[in-house]
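Work through the exercises below with the structure open. Try each task before reading its solution.

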Amino acid sequence: MSGLGLDLRWIPRALGLGLLAFIIFGPLTNLVLWAVAERWYFPHALPLKYGFSYWVAVFAPRGNATGSLVNSVVIACLTVVISIGLAVPAGYALARLRLPARGLILLTLLIPQAFPNLPVYVNIARIFYQFGLNGTVLGVVLVHASHGLVYAVWIATAAFSALDKELEEAARSIGASGLRTFVDVTLPLAAPGLLASAVFVFLESLDEFTGTYFVGAPDVTTLPLLLYTAGAGGNYQIASITALILLVPSIAFMLVIERFLRADVLSKVGR
Amino acid sequence: MGGYLEIVAARVRYGDVEVLKRIDLSVAKGEFVALLGSSGCGKTTLLRAIAGFNPLAAGEIRVGGRDVSRLPPDKRGMALVFQSYALWPHMTVDQNIGYGLKLRRMPATAATARVTEVKKLLGLEEFGQRKPGELSGGQRQRVALGRALAINPDILLLDEPLSNLDARIRLTVRHEISALQRRLGITAVHVTHDREEAMVMADRIVILNEGEIAQVGTPTEVYNQPNSAFVAAFMGAENLVDIDVRVAGEAIEVAEGPQNRRAVLRRSGRRLESGRAIARFRSDAIRLSTASATSAEDGDDGLLLRGTVEQVGYPGGIWRHVVRLGDRSVMVDAEDRFDNGAEVHLRIPGDRLYVFSEAQQ
């Protein structure tokens, strides 16, 4: 029967979807299981004892998690302020003014990403040491900003390029100065794109490990550093709980992107 | 002549290309001038130069005797209505219309009253709280116009504001805009590629061709006395025949040709030299008859052409014939239908015939 034939043709598709679901949700399940496992060792497929005692330990006043979380958030916020503060004028200039080496400037911003991270950060750490920036929040923020600026400038450029120039000209023609036009028309209309790039920079900073390790550790501890220490010490529960905490802003980011970043902005990234 | 808006020897360049080549134009206060031309003729460039968005490479733009060529757009006292309307999507209709007043620091109560007045003028009373995205094309067009009118601009600039509207709405909005302009006494410069729109709206029409002014005149002048073959063709005289002329005082003698009979036309101020010439005429300026019926009639101030009907169609009201004249064909409208292959005579009265020396082109 045709019904049976249809069912048969669904089998490979169902298998494919199942595999995809496993690839996506497998590690997540493992993570969640580890976060609530009290005792779990080979060859058992599932934890032997469940409980929240590690959560208590992580968030206990003596545990480093709360302090690291606060550090992470403060650093991420400062990074956003610096990156967006620089990306708004830079992105506007790249999008609107006829700069001769526009493509080159956009590419130059990518250079920190083009080289292997480790040697770059080791050198940054060496230079920062001379200025007394090592082990300070400012030092870590600067390292994160060098990283976040790329995304911020690229996305801000795209957000401003996607804006119809005539909307600004309409304001100029009925008497608004250049600055007034920027504040009243350009900025509000580019806000969704700028917001998305801010969230992106925030998450990048929250997740950043290598730079923080070389410039900040051991004086400045962030969540990824805590996760690394816990993971290296074989303490999978602490590591999983930290990872889950880091996951929350990522999901929030997806929702913001979905809500605010329009396709016409995305299509202009890098142009 | 002391115009209110004066453009003197204005040139605009994009890189090496000269888009506007020495434009001289004077617009009186309260006058409605249409810049008419096909796409790429520089009409929008000229409008944007007046508004201050295209810098002049040379020349001057004066408003009321004051040179504004170096001023930024916001200091020129003009308002531009864009083809795309360019309404701000994050503001309501009220905020869009009131923005110019906010910039001028008008007190809130006075500004609200002015916005209400403008909305009433344009029939937008109910839409104050809507965003532009929730309006139809015609309503957006009126908001764009209202935003420009709210600030009482010295000069209103319109960049093809009707081209995005349905054909039917366009006809009514045409009359609305010109009635409004006359009522408010605003000086207006209107860019369009639509001949009829320019004819019915404007006091004067400026026809642009490749960055130069081809002719300036009232609608009747540019329609009935085109000064060049280009203007004649642009104003609808698409039909074309080659003739030989000899200018003798106040008369123009047309020599007998393969398609035309010998004729004598009154000169009526035509600038013309003896020699090869072209004659242009509209499809509705012709009296069509069978070859045998008119053979006796002589061409006095009128041209008689001989041709063969090639095609007949009925677009409504009249019959439209395609008539072959040697290696050219012309369109002829007639009350009566002539069959395919019929030998016909076309008689064009002298005052409907636009003759230009071939060298003039």
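**Exercise 1. The largest pocket**

Which elements each supply at least two residues of the lining of the largest pocket? The model is a predicted one, so keep that in mind throughout.

Solution. 
Step 1. Begin with chain A. Its helices α3 (65-96), α8 (165-173) and α9 (178-207) each supply at least two lining residues.
Step 2. Turn to chain B. Here β1 belongs on the list.
Step 3. Find the centre. Of the 20 lining residues, the closest to the centre are A:R98, A:K165, A:E169, A:R172 and B:F53.
Step 4. Note the volume, about 570 Å³.
Step 5. Sort the lining by class. It divides into 7 nonpolar, 5 polar and 8 charged residues.

**Exercise 2. The second largest pocket**

Solution. 
Step 1. Look at the residues nearest the pocket centre. They are B:Q225, B:P226, B:S268, B:G269 and B:R270, out of 17 lining residues.
Step 2. Strand β20 (residues 354-357) of chain B gives the largest share, 3 residues.
Step 3. Complete the description. The pocket holds about 400 Å³ of space, and its lining has 5 nonpolar, 7 polar and 5 charged residues.

**Exercise 3. The cavity**

How many cavities of 30 Å³ or more does a search of the whole structure find? Describe the lining of the largest cavity.

Solution. 
Step 1. The search finds 1 such cavity. About 40 Å³ of space lies in the largest cavity.
Step 2. List the lining: B:L122, B:Q141, B:R142, B:L145, B:V173, B:E176, B:I177 and B:L180.
Step 3. Assign elements. In chain B, α4 (137-150) and α5 (167-184) are the ones that give two or more residues. The most come from α5(B), with 4.
Step 4. Count by class: 5 nonpolar, 1 polar and 2 charged.

**Exercise 4. An open sheet in chain B**

Trace the strand order of the open sheet of 6 strands, and explain which strands have a side without a neighbour.

Solution. 
Step 1. Read the order: β6-β7-β8-β3-β9-β10 of chain B, with mixed pairing.
Step 2. Go to the edges. There stand β6 (78-81) and β10 (212-217) of chain B; each has a single partner strand, so one side of each is left without a neighbour in the sheet.
Step 3. Neighbouring strands are turned by 20 degrees against each other on average, direction ignored.
Step 4. Inspect one pair. Strand β9 (residues 204-209) of chain B runs antiparallel to β10(B), joined by 5 bridges. Within this pair, B:V206 has B:V216 in β10(B) as its bridge partner.

Key:
Residues numbered from 1 in each chain as written. Chains lettered and ligands numbered in written order. Predicted model: local features only at pLDDT ≥ 70, side-chain atom pairs only at ≥ 80, totals over all residues. Heavy atoms only, no water. Pairing = 2+ DSSP bridges. Axes fitted to C-alpha atoms, helices over the stretch in contact; angles between N-to-C directions. 1 Å grid on protein atoms, 1.4 Å probe; cavity = no way out; pocket = protein on both sides within 12 Å on 5 of 7 lines; lining within 4 Å. Points joined across faces, edges and corners; volume = space filled by probe spheres on them. Nonpolar A, V, L, I, M, F, W, Y, C, P; charged D, E, K, R; others polar.
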